[in-house]
Amino acid sequence: MAKLKIRCSIYLVFAGKKIKLPVNPEEIEIKNPTDHKTYDVIGVGEIVVPRKPSLKEVSWESFFPGDRSAVYVNSGAKAPSYYLKYFENALKKKQICRLIITRSGGSDTNMKCIVSNFETKDKGGEPKDIYYSLELQEYRSHAPKVVSILKTPAAGQASAEASTETPRAVESPVLRVGAAVIVNGEYCYDSYGGRPHGTANNLSTTVTRIVSGNPYPVHVGSYGWVQESQLQITG
């Protein structure tokens with residue numbers, strides 16, 4: 001009897017060896033999970049914050065046939081033990097594989113993956129067939145990237161490109177409300193210098209008010225008023 005014309009082929013590549021499934025499964029499940037986060041916001045209710053997609057998951061159930069002459073068996077099929085060896089080794093040795101699904105008239109699948117689960121079972125009356133279920137999970141490379149560090153050339157050897165680079169401006173901290181400062185010296189009750197009531201010694205705080213023109217024009221934290229000369233602006 002002539003073989004069926006199958007319009008979908010499924011391959012797995014193990015350590016450079018390309019294996020074609022002998023019998024296509026009835027269905028292939030491909031999951032594209034997400035890692036979106038949901039939160040409850042007062043006055044709004046539940047919201048969702050989109051995140052990048054999680055790893056794809058592919059699974060199916062099928063069998064390795066003992067009778068390789070059946071019309072539904074793909075050409076070139078091997079004995080069940082041939083396939084068991086590759087799948088079990090991939091699971092035990094944590095091999096990175098590649099799944100390839102070619103579809104006639106449809107979009108193909110080609111992704112790196114690992115075997116996350118592989119189970120087999122025997123069925124009564126079919127002693128030569130090995131039934132199995134397979135779960136694959138997408139693999140993404142995560143090796144560290146190599147960063148090149150450019151050394152400063154010796155005097156007289158600077159390239160023309162380096163000589164034309166515009167220097168980056170360095171911003172100086174500005175005295176403003178909210179600026180982080182370090183305070184030293186006496187702080188007063190008012191901006192005229194009245195009623196000094198404490199002394200700061202390298203006190204880290206922030207500017208809360210500024211009254212230009214007064215002798216002690218800057219109010220810091222919850223402490224009091226000081227002169228600009230008593231401040232070191234840090235941010």
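Of the 235 residues of the protein, 29% count as buried. The model is predicted, so local features need pLDDT of at least 70 and side-chain atom pairs count only at pLDDT 80 or more, while totals for chains, interfaces and linings use all residues. Residues are numbered from 1 along each chain as its sequence is written, and side-chain values use heavy atoms, with hydrogens and water left out.

Colleague: Why is S9 called buried?

Modeller: Buried means under 20% relative accessible area, exposed over 50%, and partly exposed in between (1.4 Å probe, protein chains only). S9 has 14% relative accessibility, so S9 counts as buried.

Colleague: Where is S9 found, and which residues does S9 touch?

Modeller: S9 lies in strand β1, residues 8-14; helices (H or I, at least four residues) and strands (E, at least two) are DSSP runs, numbered from the N terminus. Leaving aside residues up to four places away in sequence, S9 touches K20, I100, I101 and T102, where contact means heavy atoms within 4.5 Å.

Colleague: What makes the pair D35 and K37 a salt bridge?

Modeller: The term requires a side-chain nitrogen of Lys or Arg within 4 Å of a carboxyl oxygen of Asp or Glu. For the side chains of D35 and K37, the N to O distance is 3.5 Å, so the pair meets the definition.

Colleague: How do you know that R140 and E138 also form a salt bridge?

Modeller: Their side chains meet at 3.9 Å, N to O, and the cut-off is 4 Å, so the label applies. A search of the whole structure finds two salt bridges.

Colleague: How are D35 and K37 classed?

Modeller: D35 has 31% relative accessibility and therefore counts as partly exposed; K37, with 30%, is partly exposed.

Colleague: Which residues form the positive surface patch?

Modeller: The patch is formed by K17, R68, K78 and K85. Lys and Arg count as positive and Asp and Glu as negative, while His and the chain ends are not counted.

How values were computed:
Patch = residues over 30% accessible without salt bridge, like charges linked within 9 Å, V, L, I, M, F, W, Y side chains within 5 Å. Areas by Shrake-Rupley, 256 points an atom, 1.4 Å probe, with all protein chains shown as cover. Charge placed at Lys NZ, Arg CZ, Asp CG, Glu CD.
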